[in-house]
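Thank you for sending this entry for comment. Please read the points below beside the sequence and the coordinates.

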Amino acid sequence: MLTTRAEAVVDLAAVRHNVGVLRAAAGGAEVLAAVKADGYGHGAVPVARAALEGGATWLGVVLVEEGVALRTAGIDAPVLVMMEPPPGAGEVAAAYDINLGVGSFASLHDAVDAGARVHLKVDTGLSRGGSVEWPDLVAAAVKADADVVGVWSHLACADDVGAASNATQVQRFEAALTVAAEAGLAPRLRHLANSAATLTMPEARYDLVRPGIAVYGLTPVPGMDYGLRPAMTLRARVAMTKRVPAGTGVSYGHRYTTGAETTLALVPLGYGDGIPRAAANTAEVWIGGRRRTISGTVCMDQFVVDVGDDEVVAGDEAVVFGAEPTAQDWADALGTISYEIVTRIAPRVPRRYVG
Ligand SMILES: *Cc1c(COP(=O)(O)O)cnc(C)c1O
C-alpha cells in the first residue's frame, strides 16, 4: 500500500540477481558495481550493499565524495573513483582508502604524494578521460614508485555491438598493457568493460568488469534481453479524478484536448520529481489496468492522464515505469537512454527498499 503521494520502490533482490547475471557473464573476472550518481538514482549505499551481497567485489564512483559517503556508511569494499579527480583529491582518497583513476601527470602526482592507490587510465579512443601520452604516464608512475593497482580504459561504443571502434579500442588497450609490462608495471587489475561489453565482448573482460546500468536491471543494449530485472519502480497514487466534457483543454497551454466526455486522472509527479517535461503527449504510464499516454503538459509537480470511461478513482496506483512500462520505454519515447530516466528521479521522491 502506497502511503505517500509517490515513491520509487527499489528491489534489492533484483540488484543481487542482476549482479549474479553479470558475474556469470564475466567468466572469472571480478565485478565492480558502478554506484555513481547515487546509484543511478536508486540510492548508492543500499545498492552497494546489495551488489556486494550479490558477488560484486568493487564499487565504482566518480566523485571522491561519493566514495567517502560509502566509507561513512560503513562499507569497506574497494572503491574506485572513475573520473579524473580534481586537485587535492589524493589526500582524501588516501585517508579513506579510495583508489583513484588517474589519466594525467597532475592527478598521478597528487595521488602519489598523498599515498593514494591508483588505476592508470589510458585513452584508447573515447577521447574523454585517460592519457594520450601513455608511455610517459607509465614512466612517470614507475619513477614515482606509484602504487598502481590497475590499468584501465573505457569504451566509446560498447552498446553498438560489433562496432569497429570496439575492436580498435581492445587492440589499443592490449598495446597499452604491453607498454606497461615492458616498463615493469604489473597491475593486478586490467579493466575495460562496462555493462554492454561485459555482456557482449568476452575479449574485453580482463580481470575486472565495471557494469552500471545492468546492475539496475536495465539493458545496456536496447532490444536485447539478458535476463535482468529492473530494480526501480516509480509509482504514485492518483490524487483525484474528474469527469469533463468533450473539447476540454487539459493542463498548461492546453496541449491536449479531450475528444469525448471522459475521466481525467491527476498523477502527483512532475518535472520537480524528475519526470521529463518532454513527456507531454508522448510517454506512457500504467494506470487503470493498462498503458496510457500522458495528456498534455507535465507540470512541476503533477500531470494528467485521460483514462476514458474506465474506472479509475483517487488512490489508485499509477506506475510511471518499472516492469511496464519500462524505463527503456520512457527512453525510447523521449529520445534518450534509460540511464537518464532513472538517474534524474529527484531526491524529493522517497526511495523505499524491498527484497
Ligand atoms: C559509469 C561507468 C561505467 C558503467 O557503465 P554502464 O554503461 O552503466 O555499465 C563503467 N566505467 C566507467 C568509467 C564509467 O564511468
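The numbered points take up the ligand site, then the aromatic pairs, and then the backbone.

1. The model is a predicted one, and my remarks should be read with that in mind. The ligand is surrounded by 13 residues, of which K36, Y40, S195, I213 and Y339 are the closest. Sorted by class, this shell comprises six nonpolar, four polar and three charged residues.

2. A polar side-chain atom of S195 is 2.5 Å from an oxygen atom of the ligand, while a polar side-chain atom of R210 is 3.0 Å from a nitrogen atom of the ligand. The backbone also takes part, with a polar backbone atom of I213 lying 2.8 Å from an oxygen atom of the ligand. Of the 390 Å² that the ligand exposes when taken alone, the protein buries 94%. The space that the ligand takes up is the largest pocket.

3. There are three aromatic pairs in the structure. One of them is formed by Y40 and Y216, and it counts as stacked because the ring centres are 4.6 Å apart and the planes meet at 25°, below the limit of 30 degrees for that class.

4. The peptide bond joining E324 and P325 is cis, with omega at about -10°, and P325 is located in the loop between β18 (317–321) and α10 (327–334). Y206, a residue other than glycine, has a positive phi near 50°, and Y206 sits in the loop that runs between α9 (195–200) and β9.

Definitions and conventions
Residues numbered from 1 in each chain as written. Predicted model: local features only at pLDDT ≥ 70, side-chain atom pairs only at ≥ 80, totals over all residues. Heavy atoms only, no water. Near = heavy atom within 4 Å. Polar contact = N/O pair within 3.5 Å; in protein donor to acceptor, adjacent residues only side chain to side chain. Areas by Shrake-Rupley, 256 points an atom, 1.4 Å probe, with all protein chains shown as cover. 1 Å grid on protein atoms, 1.4 Å probe; cavity = no way out; pocket = protein on both sides within 12 Å on 5 of 7 lines; lining within 4 Å. Sits in = over half its atoms within 2 Å of the grid points. Nonpolar A, V, L, I, M, F, W, Y, C, P; charged D, E, K, R; others polar. Phe/Tyr/Trp six-rings, centres within 6.5 Å; stacked < 30°, edge-to-face > 60°. Helix = DSSP H or I, 4+ residues; strand = E, 2+ residues; numbered from the N terminus.
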